Amino acid sequence: MSYDSIVITAHPDDAETQMGGTLAKLADRGQRILLVDLTAGEPSDFAAPGERARQAAEAAQILGVDRLTLQHQDRLLIDSQELRTEVAALIREHQPPTVYAIGEASVHPDHVAAAGIARAAVFLARLGRWDEVPGGERLAGQAPWAVDRLFFPHCKMETPWSDFAFAIDVSEVYERKRQALAVYTSIFQEQGDRLLALYEAEDQYFGRLLGVAHAEIFRSASPVLLADPSVILPGVHG
Ligand SMILES: [Zn+2]
């Protein structure tokens with residue numbers, strides 16, 4: 001099945017946290033989106049095994065996206081050749097014009113690994129002649145696929161960026177993002193959770209900085225090229 005966008009992250013909740021509002025907007029516009037979690041995110045702080053998978057399915061439904069959770073071990077994710085080719089094969093299978101992935105991370109080792117895996121997988125997916133590469137059997141039977149765009153949402157465990165390529169106004173769908181995150185009671189406390197407050201504060205900070213209520217920020221692997229300059233919204237200071 002083909003998708004318009006694939007989002008590659010380490011854990012169920014990463015995509016929602018980093019770009020849940022953008023996902024809701026894209027889904028509302030008819031885009032088909034696949035979230036790829038490299039691990040199941042377990043064990044988690046406040047729930048029994050299997051609970052996070054049920055919550056992840058519910059969050060995806062709220063946002064209007066599909067989800068594929070791979071079963072690599074949470075906490076022990078490693079940027080390996082096997083995982084790079086596994087994700088490259090997924091990119092070839094689903095042929096997304098756009099890939100979103102954790103771009104830079106230093107705090108959570110799984111996020112660090114996911115960033116390397118995703119960036120390498122996007123590159124490897126476009127290469128041919130895998131039948132001549134030891135370990136490349138998985139890719140040898142698929143046609144190469146070059147994504148048009150590789151974007152990096154901000155990982156909110158990291159200090160906010162002072163520069164980014166663009167931001168998406170997610171004010172109108174922010175309640176959906178809150179609902180999608182709220183289902184993860186395996187990792188967030190239902191009342192007064194510090195991380196949820198931090199995540200929303202960042203979206204609110206960048207929103208207010210840019211003149212709206214909430215915004216999600218992105219970096220880009222390549223400079224952003226616009227066919228239509230009229231899609232750019234007014235800036236607070238011009
Ligand atoms: Zn995570």
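User: What covers the buried residues of helix α4?

Analyst: The cover includes β1 (5-9), β2 (33-39), α3 (81-94), β4 and β5. Such cover is counted by contact, meaning two residues whose C-beta atoms, placed from the backbone, lie within 7 Å. Helices (H or I, at least four residues) and strands (E, at least two) are DSSP runs, numbered from the N terminus. The model is predicted: local features need pLDDT of at least 70, side-chain atom pairs count only at pLDDT 80 or more, and totals for chains, interfaces and linings use all residues. Residues are numbered from 1 along each chain as its sequence is written.

User: How many residues of α4 are buried?

Analyst: A residue is buried if 20 or more other C-beta atoms lie within 10 Å of its own, exposed if 12 or fewer, and partly exposed in between; the C-beta atoms are placed from the backbone. In α4, 12 of the 17 residues are buried, among them D110, H111, R119 and L124. The helix covers residues 109-125 and reaches 24 Å from first C-alpha to last, close to the 24 Å expected at 1.5 Å a residue. That expected span is 1.5 Å times one less than the number of residues.

User: In which order do the strands of the sheet stand?

Analyst: Strands of a sheet pair through backbone hydrogen bonds, either parallel or antiparallel. Here two strands count as paired if DSSP finds at least two bridges between them. Seven strands form an open sheet of mixed pairing, in the order β3-β2-β1-β4-β5-β7-β6. β3 (66-72) and β6 (166-169) stand at the edges with a single partner strand each, so one side of each has no neighbour in the sheet.

User: Which strands does β5 pair with, and in what sense?

Analyst: β5 (residues 149-153) runs parallel to β4 (residues 98-101), joined by three bridges; V99 has L150 as its bridge partner in β5. With β7 (residues 215-220), β5 pairs in the antiparallel sense, also over three bridges, and F152 stands opposite R219.

User: At what angle do α2 and α6 cross?

Analyst: Two packed helices are described by the angle between their axes and the distance between the axes. Axes are lines fitted to C-alpha atoms, for helices over the stretch in contact, and angles run from 0 to 180 degrees between N-to-C directions. The axes of α2 (residues 51-63) and α6 (residues 174-182) come within 8 Å and cross at roughly 170 degrees. That makes α2 roughly antiparallel to α6, the label for angles over 145 degrees. A59, I62 and L63 of α2 meet R176, Q179 and A180 of α6.

Terms used: Parallel < 35°, antiparallel > 145°, perpendicular 65-115°, else oblique.
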